[in-house]
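Here's a short tour for anyone seeing this one for the first time. Have a look at the structure, then read on.

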Amino acid sequence: MKLPNGFGSVHKLPGNRRNPWRARKTVGWDTDYEKGTCKQKYATIGYYPTQAEALQALADYNANPYDISTNQITFEEIYEKWSEEHFQMIVPSARRTWKSAFSYCTPLYHMRMKDIRAEHLEQTIRSAAVGDNTKIRMKSLFNLMYKYCLKHEIVEKNYAALCDSIKKPKPKIIRTPFSTNEIQKLWDNIQFPFVDMVLIGIYSGFRPQELAVLKTVNIDFENNIIKGGLKTDAGKNRLVPIHPAVLDLVYNNYNKALSLNSEYLFNDEKGQQGTWLTYDKYRGRWNKIMEKLALQHRPHDTRHTFITKAKSCNVDEYILKLIVGHEVSDITEKVYTHRTVEDLQKEIVKIN
């Protein structure tokens, strides 16, 4: 069957092939001026089991032309393009996790993205000899790569979204409150760097990442209140009374911040990239404290300690939720009752 000029061509390849019919399009010419010859340059649209399917693919291309080069791009090539863009926005440690996940995707490397289906992705995940966390990372990698492909119109459907062979396990978080003896050990070593920050966390209920970004402008010594908090609507910009036991510690850090011309309450004057803290910086200081005092705790144990102590000292349930930023479900309490700063201070001193 003769096709119109410029339409493209369909022909059958020799041998026993699953998809022997090739549809292709002329994309240019190679001219040899010495020999006086001109040879067509072709780009393959795809391979198909029947002549009719190849003709239909060719007709679809002519009706709605697209970049043929993206039609042939492989999983491995997409990873290279995606990672070149994505890795600029993340830290080296995060890059290593994506590279590790990709290393277990060898069955997909040379497959065209347009040929990959959900079963290919799931089989790759199931056959990978790794733990669940890495398999979850592989699934996340597939999702990000398909998002990249959709953005650049390389595929029309996100098959990664259909993968359900691996699900993220519920995290098992063990929180261990500081004992009375351990808190006393912190007080006995108050001169060790950032022990005061740990104690302020224990007596305030702030999350470590919330402590790290507290600003001096949010410290009200007239009412002994700190305004801060992150994460949820109930937790943002909440009022937390300063417990009398750590008032001097807060005041000392406030004065230190002023002397360093820092807007943040907690600072490390020896910091190589600025005096302010991040959660990662704080965690590094935390580990040094745990090693120094032979303690075994996680940074969030300070918040858990505060909540545990508050409950054992019969702090008002709703005021406790306001202080730590938990959602208040009781409609009457949430809408009609207004707690004053004095109410907050009255309750926090119950914690001895």
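## An exposed loop residue

Gln296 is exposed, because its relative accessible area is 76% and anything over 50% counts as exposed. This is a predicted model, so keep that in mind as you look around. To find Gln296, go to the loop between α11 (279-293) and α12 (301-312).

How far apart are Gln296 and Pro65 in space? From C-alpha to C-alpha they're 63 Å apart, and in sequence 231 residues separate them.

## Two helices side by side

Now turn to α5 (residues 118-127) and α6 (residues 132-151), whose axes come within 9 Å and cross at roughly 155°. Since that angle is over 145 degrees, α5 runs roughly antiparallel to α6. The crossing of α5 past α6 is right-handed.

Who meets whom here? On the α5 side you'll find Leu121, Thr124, Ile125 and Arg126, and they meet Lys135, Met138, Lys139, Phe142 and Tyr146 of α6. Sorted by class, this contact of α5 with α6 has five nonpolar residues, three charged ones and one polar one.

## The buried side of α5

Which residues of α5 are buried? They're Ala118, Leu121, Glu122, Thr124 and Ile125. These residues sit on the same side of α5, because they cover an arc of only 160° around the axis.

And what do the buried residues of α5 pack against? It's α6 that they pack against.

Methods. Residues numbered from 1 in each chain as written. Predicted model: local features only at pLDDT ≥ 70, side-chain atom pairs only at ≥ 80, totals over all residues. Heavy atoms only, no water. Axes fitted to C-alpha atoms, helices over the stretch in contact; angles between N-to-C directions. Helix = DSSP H or I, 4+ residues; strand = E, 2+ residues; numbered from the N terminus. Parallel < 35°, antiparallel > 145°, perpendicular 65-115°, else oblique. Left-handed = near helix turned anticlockwise from the far one by under 90°. Contact = heavy atoms within 4.5 Å. Nonpolar A, V, L, I, M, F, W, Y, C, P; charged D, E, K, R; others polar. Buried < 20%, exposed > 50% of the residue type's maximum accessible area, 1.4 Å probe, protein only. Arc of directions from axis to C-beta.
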